[in-house]
Structures are given as structure tokens and as C-alpha cells.
Amino acid sequence: MNKKERVIQIFNRIHELNVCGYDEKKVKRDIQATNINAKVMVIAEAMAPEQVRLSGVNYFYVNGKIGNTGRYLEKFLNLFDCTVYPSKRNCVYHTEIVHSFPGYIVRNGRKSIRRPSGKEIFESVRSNILSDEIELIKPKVLLLMGNTAYVTFYKYFLKRDVENNLTREIERISESGEYYVYDGIPVIPIQHSSGVNPRFSLMLRNQKLIDMIVGIIAE
């Protein structure tokens, strides 16, 4: 079985894994829109409601338009010659801690995406899908996007308690040049690429972080 066939098997497992409840709208990921030789793997919290879950293509809607998360992330990735666009050679590989859409909650009349529960995170990690993805893709660097990805990966994969909040950990790594490694792969937490997250915009100007990632990818 070649690498592409093995990735397809993983995509089948992702489609079948519904730790947040059965999801009739969830489609299989599109192997044709996946760079299985990506140098960068981005790990987020969970599936977004209207992009890869419905389109099979990370960051993009069914109509082919890019979502806000992808649009802002593109600005960061371009700083070290990477992209979210699957038609380009340097597209990143994107995945999640929780391979399901957690659904919505309504508070004070406002609907927002529910954060996955501890049990849902545990069940998703226990499926070994993420560890199998990392082993198969073998990226040069793992980018943990957002607090849930940061805390969960440190706990379950690095076997470490987090000592800093996400912002402080990014600062520590940037200033010291010291990061943790999983299975020989550098692990770098990053801010979530949201237009409403001012820390993401600040991170775009963190030249030490950018230079570090450039150096890792070049090795």
C-alpha cells in the first residue's frame, strides 16, 4: 500500500469518527486537495462547521471560496513560503485534535461554536488518528493552532503540563529558540488565525518566530 492509499484510509477513519455525535453532513476529505508530502502540518482544535466538514477541502467552502480562518492563516504561512491553497506545491497539511464538528451553543441569544469537551478530546486522541497522520506525513514542523491544540498536544503527545498560556509559550520559544520535539519533529504553538484575535496580528510581526520556522523547514 502506497502513501496516498494509506492517507485515504486515514480519511475514511476520520469520516467514521464522530466523537461529538453522528454527523450526516460530514463528507470525506478530498485526497486530490491534500498535499501528502507537506513540510508543515497545522493542527487545530476541531472541524469548522462549513468548510472541510462540508467541502472535503481544508479552509474552503463548497463553492470554492476561502474562509476567514484560511484567509488569515495564509498571511502567516506566506511568511515562510507556505500556503493553504491545495493547488500549490507548498500547501500545508491541516488536521485537528477532534476530527468532528462539536456543534453550536446559544448564550444570551447568540450562537457560537461549542468547544469540544474533555471526553471528546480524549476519545479523538485515543483513536490514534492524529498520531498516525503525523507518522505518515512526516512533516518538518508541527504548528499547534490555538489554545486547545496547544494544551492537548502537550498533555497527550508530549506528556507535559503546560507552564505558560499560549501567548507566553510562543514568546518563550521565540526568545529562547528552544522548542519541544515529538517523534523527532519540532512542535511550535501559534495563535489561532482569527480576524478577531489581536494576538494573531501581533504574531505576524514576530520575526524571531518566522526565522525559526524558516530554519526548521530548510533543514
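This is a predicted model: local features need pLDDT of at least 70, side-chain atom pairs count only at pLDDT 80 or more; totals for chains, interfaces and linings use all residues.
Visitor: Why are α7 and α9 called roughly perpendicular to each other?

Guide: The axes of helix α7 (residues 166-176) and helix α9 (residues 207-218) cross at roughly 70 degrees. Angles of 65 to 115 degrees count as roughly perpendicular, and α7 and α9 are therefore given that description. Their axes come within 8 Å, and α7 passes α9 in a left-handed crossing.

Visitor: Which residues in α7 and α9 meet?

Guide: From α7 come Ile170, Ile173, Ser174 and Glu175, and from α9 come Lys208, Leu209 and Met212. By class, the residues of this contact are 4 nonpolar, 1 polar and 2 charged.

Visitor: What makes α1 and α5 roughly antiparallel to each other?

Guide: Helices α1 and α5 pack at an angle of about 165 degrees. Angles over 145 degrees count as roughly antiparallel, so the term applies to α1 and α5. The axes of α1 and α5 are 11 Å apart, and the crossing is left-handed.

Visitor: Which residues of α1 and α5 are in contact?

Guide: Lys3, Arg6, Val7, Ile10, Arg13 and Ile14 in α1 meet Ile129, Asp132, Glu133, Leu136 and Ile137 in α5. This contact has 6 nonpolar and 5 charged residues, and no polar ones.

Visitor: How do you know that the side chains of Glu96 and Arg29 meet in a salt bridge?

Guide: The N to O distance between the side chains of Glu96 and Arg29 is 2.3 Å, and a salt bridge needs the nitrogen within 4 Å of the carboxyl oxygen. The pair links distant parts of the chain, 67 residues apart. Glu96 is in strand β2 (residues 93-98), while Arg29 is in the loop between α1 (3-16) and β1 (40-46). Both Glu96 and Arg29 are buried. A search of the whole structure finds 10 salt bridges.

Visitor: In the salt bridge of Glu120 with Arg114, why is Glu120 called buried and Arg114 partly exposed?

Guide: Glu120 has a relative accessible area of 11%, and buried means under 20%, so Glu120 is buried. Arg114 has 21% relative accessibility, so Arg114 counts as partly exposed. The closest N and O atoms of this pair are 2.9 Å apart.

Visitor: What separates Glu171 and Arg168 in helix α7?

Guide: Glu171 and Arg168 are separated by about one helical turn, because they are 3 residues apart in helix α7. Their side chains meet in a salt bridge with an N to O distance of 3.5 Å. Glu171 has 39% relative accessibility and so counts as partly exposed. Arg168, with a relative accessible area of 41%, is also partly exposed.

Visitor: What makes the phi of Asn108 worth a remark?

Guide: Most residues other than glycine have a negative phi. Asn108 is not a glycine, but has a positive phi of about 55 degrees. Asn108 lies in the loop between β3 (104-107) and β4 (110-113).

Visitor: Why does Asn108 count as exposed?

Guide: The relative accessibility of Asn108 is 83%. Exposed means over 50%, so Asn108 counts as exposed.

Visitor: What is the phi of Lys138, and is Lys138 buried or exposed?

Guide: Lys138 has a positive phi of about 50 degrees although it is not a glycine. Lys138 lies in the loop between α5 (129-137) and β5 (141-145). With a relative accessible area of 61%, Lys138 is exposed.

Note on methods:
Residues are numbered from 1 along each chain as its sequence is written. Side-chain values use heavy atoms; hydrogens and water are left out. Axes are lines fitted to C-alpha atoms, for helices over the stretch in contact, and angles run from 0 to 180 degrees between N-to-C directions. Helices (H or I, at least four residues) and strands (E, at least two) are DSSP runs, numbered from the N terminus. Angles under 35 degrees count as roughly parallel, over 145 as roughly antiparallel, 65 to 115 as roughly perpendicular and the rest as oblique. A crossing is left-handed if the near helix is turned anticlockwise from the far one by less than a right angle, and right-handed if clockwise. Contact means heavy atoms within 4.5 Å. Ala, Val, Leu, Ile, Met, Phe, Trp, Tyr, Cys and Pro count as nonpolar, Asp, Glu, Lys and Arg as charged, and the others, Gly among them, as polar. Buried means under 20% relative accessible area, exposed over 50%, partly exposed in between (1.4 Å probe, protein chains only).
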